[in-house]
Amino acid sequence: QVQLVDSGGGLVQAGGSLRLSCAASGRTFSNYVMGWFRQAPGKEREFVAAISGSGDRTYYADSVKGRFTISRGNAKNTVYLQMNSLKPEDTAVYYCNTPSVGPSISSGRYWGQGTQVTVSS
């Protein structure tokens, strides 16, 4: 069993920055690929970013490449999402997850509770 607790969301103006955190507890954290998904009102949940267990490989949705950076601190069992140059279309609830990475990236079994990010224009 893995428990994930998301934090760091808030209200920010377009062009601003936020840093999300996801604290994990339970099984060995470094064994897991970790990632973020988001869901905007009226839309399906979508992949945002992922990072390998060792942190040496990262994956991003095209819509956030060059603006968002995912990282992890295995000593602290935490994964981060640094979001820069935010746009109103980034407004969503962001969820931490344990995704599977293969020919495509799919969501995994464990989810955080979500943290709201709102970007005003």
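Gln13 stands opposite Ser120 in β12. That strand, β12 (residues 115-120), pairs with β2 in the parallel sense. The model is predicted. It holds an open sheet of six strands and an open sheet of four strands. The disulfide count comes to one.

**Six-stranded sheet**

- The strand order is β2-β12-β9-β4-β5-β6, and the pairing is mixed.
- β2 (10-13) and β6 (58-60) stand at the edges. Each has a single partner strand, so one side of each lacks a neighbour in the sheet.
- From one strand to the next, the twist averages 25 degrees.
- Four bridges hold the parallel pairing of β2 with β12.

**Four-stranded sheet**

- Here the order is β1-β3-β8-β7, with antiparallel pairing.
- The edge strands are β1 (2-7) and β7 (68-73). Both have a single partner strand, so each is left with one side that has no neighbour in the sheet.
- On average, neighbouring strands of this sheet are turned by 15 degrees against each other, direction ignored.
- β1 and β3 run antiparallel and are joined by six bridges. Within β3, the residue opposite Val5 is Ala23.
- β7 also runs antiparallel to strand β8 (residues 78-83), again with six bridges. Phe68 has Met83 in β8 as its bridge partner.
- The hairpin of β7 and β8 has four residues between the strands. In this hairpin, Asn77 takes a positive phi near 50 degrees.

**Ser21 in β3**

- Ser21 lies in strand β3, which spans residues 18-26.
- Is Ser21 buried or exposed? Ser21 counts as buried because its relative accessibility is 17%, and the cut-off for buried is under 20%.
- Which residues does Ser21 contact, leaving aside neighbours within four places in sequence? They are Val5, Asp6, Ser7, Trp36, Thr78, Val79 and Tyr80.
- Val5, one of these contacts, is the residue that stands opposite Ala23 in β3.

**The disulfide**

- A disulfide is a covalent bond between the sulfur atoms of two cysteines.
- In this model, Cys22 and Cys96 form the link, with their sulfur atoms 2.2 Å apart.
- The pair links distant parts of the chain. Cys22 is in strand β3, Cys96 is in strand β9 (residues 92-97), and 74 residues separate them.
- β3 belongs to the four-stranded sheet, and β9 to the six-stranded sheet.
- The angle about the S-S bond is -80 degrees, and the link of Cys22 and Cys96 is left-handed.
- Both Cys22 and Cys96 are buried.

- Gly112 sits in the loop between β11 (105-106) and β12.
- Gly112 counts as buried because its relative accessibility is 10%.
- Not counting residues up to four places away in sequence, Gly112 touches Leu4, Asp6, Tyr95 and Cys96.
- Cys96, one of the residues touched by Gly112, is the disulfide partner of Cys22.
- Asp6 is in contact with Gly112 and also with Ser21.
- How far apart are Gly112 and Thr98, C-alpha to C-alpha? They lie 9.5 Å apart in space and 14 residues apart in sequence.

How values were computed:
Residues numbered from 1 in each chain as written. Predicted model: local features only at pLDDT ≥ 70, side-chain atom pairs only at ≥ 80, totals over all residues. Heavy atoms only, no water. Helix = DSSP H or I, 4+ residues; strand = E, 2+ residues; numbered from the N terminus. Buried < 20%, exposed > 50% of the residue type's maximum accessible area, 1.4 Å probe, protein only. Contact = heavy atoms within 4.5 Å. Pairing = 2+ DSSP bridges. Axes fitted to C-alpha atoms, helices over the stretch in contact; angles between N-to-C directions. Disulfide = S-S within 2.5 Å.
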